Amino acid sequence: LQRELRKYQVDVHLHTEVIKILTKETDGNPVFCGVECADHKKIAADDCIVCTGGCSYASTGSTGDGYRFAEETGHKVTERKPALVPLEIRENWCRELMGLSLKNVEIRMQCGKKTWYEGFGEMLFTHFGVSGPLVLSASAHLRRWDKEQYRLVIDLKPALDEQKLDTRILRDIGENPNRDMGNILAGLVHRSMVPVLLRRLALPEGEKANSLTKEQRRVLVQELKHFAVPLTGPRPVAEAIVTAGGVKVGEVVPNTMASKLTDGLYFAGEVLDVDAYTGGFNLQIAWATGYLAGLFAAER
């Protein structure tokens, strides 16, 4: 990139912080004319592409300045919220499972009887709650934390329906009737989950397998198939992969990324009110909109 910039004699102000976008009135319409920098230096230019990112990962420089630039030039900026973000849970036992990665599980994000998201794949327990690809994708659907009580429901044994799972448990007990239930459970889930499951099932640690009643077995099957975890909210936006919300897309020409309000001004990337699932889609948004903005700003 630097070689190409030198080749085409592009003037790059690498260490200059822009604090304001400058405009002038031409025939009654605002037109971009330059930028003002932190050292009060003003740089004249014909075009400006605002591609400052969102307000996630502020340590990389994404401080949210682009939203301010947009508002100061008359654009509407929709509410910003974390997207693709880990989630916090109420129970303290998540610390016992910190670092545990569950693979090939099914999850559902529910509120009341409504399911907001379903997915199959991998998730991770952390000291504060849950993360991992499944949870990050699911978080994109949970935008009403102030009004809704969401819960995560995990199917720990998605390959088995409830009847087959009950048969499997009966077989394990039949083969090892005098073993502790903790050892039986260790054959069904990761060992670090066993103490948590025993407490949720109200079973003593030394409970013998052959003493498990039919009702206790039914509750065990329900726990393994519907491991419910109340959620309290997302982690801060600083920990989110992307920011939901941003410059209202209705005020941007979709095939050029040009502002509809200020001539010579363009927007690209996460500063726009566009976000998508994890898996490269947000990078694609950044590259595609950046390409269009660069192409048409240069042609102009």
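**Rings, charges and pockets**

Biologist: Tyr150 first: buried or exposed?

Modeller: Tyr150 is buried, at 1% relative accessibility. Buried is under 20% relative accessible area, exposed is over 50% and partly exposed is in between, with a 1.4 Å probe and protein chains only. Bear in mind that this is a predicted model, where local features need pLDDT of at least 70 and side-chain atom pairs pLDDT 80 or more, while totals for chains, interfaces and linings use all residues. Numbering runs from 1 along each chain as its sequence is written, and side-chain values use heavy atoms, without hydrogens and water.

Biologist: Fine. Which ring does Trp145 pair with, and how?

Modeller: Trp145 pairs with Tyr150: the ring centres are 4.8 Å apart and the planes at 75°, so that's edge-to-face. Trp145 itself is partly exposed at 22%.

Biologist: How many aromatic pairs are there by this rule?

Modeller: The count is 5 aromatic pairs. The rule takes Phe, Tyr and Trp rings (the six-membered one for Trp) with centres within 6.5 Å, and calls planes under 30 degrees apart stacked, over 60 edge-to-face and the rest tilted. Trp116 with Tyr150 is edge-to-face too, because their planes sit at 85°, with 6.0 Å between centres.

Biologist: Where do Trp116 and Tyr150 lie?

Modeller: Trp116 is in strand β8 (114-125), while Tyr150 is in the loop between α3 (133-139) and β10 (151-155), so the contact ties together parts 34 residues apart in sequence. Those labels are DSSP runs numbered from the N terminus: helices are H or I with at least four residues, strands E with at least two. Trp116 is partly exposed, with a relative accessible area of 25%.

Biologist: Which rings link into a cluster?

Modeller: Trp93, Phe125 and Phe227 do, through ring pairs.

Biologist: And what sits over the rings of Tyr67 and Phe128?

Modeller: Arg80 lies over the face of Tyr67, 4.7 Å from the ring centre. Over Phe128 you'll find the charged end of Arg235, at 4.0 Å from the centre. The test wants NZ of Lys or CZ of Arg within 6 Å of the ring centre and within 35 degrees of the ring normal.

Biologist: Switching to salt bridges. How many?

Modeller: The whole structure has 16, taking a side-chain nitrogen of Lys or Arg within 4 Å of a carboxyl oxygen of Asp or Glu. One of them joins Arg143 and Asp275, at 2.9 Å from N to O. The two are 132 residues apart: Arg143 is in the loop between α3 and β10, and Asp275 in the loop between β13 (265-267) and α8 (281-299).

Biologist: How accessible are Arg143 and Asp275?

Modeller: Both count as partly exposed, Arg143 at 28% and Asp275 at 23%.

Biologist: What does Asp172 pair with?

Modeller: Arg171, with the closest N and O atoms 3.6 Å apart. Asp172 is buried at 11%, whereas Arg171 is partly exposed at 46%.

Biologist: What about Glu215?

Modeller: Glu215 meets Arg218 at 2.7 Å, N to O. They're 3 residues apart in helix α7 (214-225), so about one helical turn separates them. There's also a salt-bridge network linking Asp47, Asp263 and Arg300.

Biologist: On to pockets. What's the volume of the largest pocket?

Modeller: About 1,100 Å³. Its lining has 34 residues, with His13, Val18, Cys48, Ile49 and Cys51 nearest the centre. The elements giving two or more residues to that lining are α1 (2-7), β1 (18-26), β2 (29-37), β4 (48-50), α2 (65-72) and α8.

Biologist: How is a pocket defined here?

Modeller: On a 1 Å grid over the protein atoms alone, it's an open set of points where a 1.4 Å probe fits, with protein on both sides within 12 Å along at least five of seven lines; lining residues have an atom within 4 Å of a point. Volume is the space filled by probe spheres on the points, which are joined across faces, edges and corners.

Biologist: And the second largest pocket: what lines it?

Modeller: That pocket has about 200 Å³ of space. There are 17 lining residues, and Val242, Glu270, Phe281, Asn282 and Leu283 are the closest to its centre. Helix α8 gives the largest share of this lining, 6 residues.
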